[in-house]
Amino acid sequence: MASETTVDARGLSCPQPVLETKKALDKASSDVVSILVDTETARNNVERFGKSKGWSATWEEQNGEYKVTFSRK
């Protein structure tokens, strides 16, 4: 079973969520990394960045907050 890394980037203004995502993906020892954000713009930016680095991405929204989950391809 793959372990999961979660980064809470809620409340951070751009570009901070993307920078936190970069750090998490660069040092990921797990095959799954989740990023928590609280704006649609941050979700879009984080998702686009992760995909550009070769990770597959899915996201879910709950109560106006987003969880973007990256998996190694």
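Predicted model: local features only at pLDDT ≥ 70, side-chain atom pairs only at ≥ 80, totals over all residues.
**Glu47**

I started with Glu47, which lies in helix H2 (helices are DSSP runs of H or I with at least four residues, strands are runs of E with at least two, and both are numbered from the N terminus). Is Glu47 buried or exposed? Glu47 counts as buried, at 14% relative accessibility; buried means under 20% relative accessible area, exposed over 50%, and partly exposed in between, with a 1.4 Å probe and protein chains only. Then I looked up its contacts (heavy atoms within 4.5 Å). Leaving aside neighbours within four places in sequence, I found Ala57, Trp59, Val68 and Phe70 touching Glu47.

Residues are numbered from 1 along each chain as its sequence is written, and side-chain values use heavy atoms, with hydrogens and water left out.

**The rest of H2**

Which residues of H2 are buried? I listed Ala42, Arg43, Val46, Glu47, Phe49 and Gly50. They sit on the same side of H2, because they cover an arc of only 165 degrees around the axis (the arc is that of the directions from the helix axis to the C-beta atoms).

On the face turned away from the buried side, I found the exposed residues Thr41, Arg48 and Ser52. The cover over the buried residues of H2 includes H1, S2, S3 (55–62) and S4 (65–72). After H2 comes Gly54, with a positive phi near 90 degrees.

**The sheet**

Next I traced the strands. There are 4 in an open sheet, in the order S1-S2-S4-S3, with mixed pairing; two strands pair if DSSP finds at least two bridges between them. S1 and S3 are the edge strands, each pairing on one side only. On average, neighbouring strands are turned by 20 degrees against each other, direction ignored. For such angles, axes are lines fitted to C-alpha atoms (for helices over the stretch in contact), and angles run from 0 to 180 degrees between N-to-C directions.

I went through the pairs:

- S1 (residues 4–8) and S2 (residues 32–37) are parallel over 5 bridges, and Thr6 stands opposite Ser34 in S2.
- S2 and S4 run antiparallel and are joined by 6 bridges; Val37 has Tyr66 in S4 as its bridge partner.
- S3 and S4 are antiparallel over 8 bridges, with Thr58 opposite Thr69 in S4.

H2 lies across S2, S3 and S4, and I noted that it runs at about 5 degrees to S4.

**H1 and Ala24**

What are the buried residues of H1? They are Pro17, Val18, Glu20, Thr21, Ala24 and Leu25. Seen down the axis of H1, they fall within an arc of 160 degrees, so they line one face of the helix. These buried residues pack against S1, S2, H2, S3 and S4.

I picked out Ala24 from H1. Ala24 is buried, with a relative accessible area of 5%. Beyond its neighbours within four places in sequence, Ala24 is in contact with Val7, Val33 and Ile35.

**Loops**

Pro15 lies in the loop between S1 and H1, and the peptide bond from Cys14 to Pro15 is cis, with omega near 10 degrees.

Asn63 is in the loop between S3 and S4, a hairpin with 2 residues between the strands. Its phi is positive, near 55 degrees, in a residue other than glycine. Is Asn63 buried or exposed? Asn63 counts as exposed, at 73% relative accessibility.
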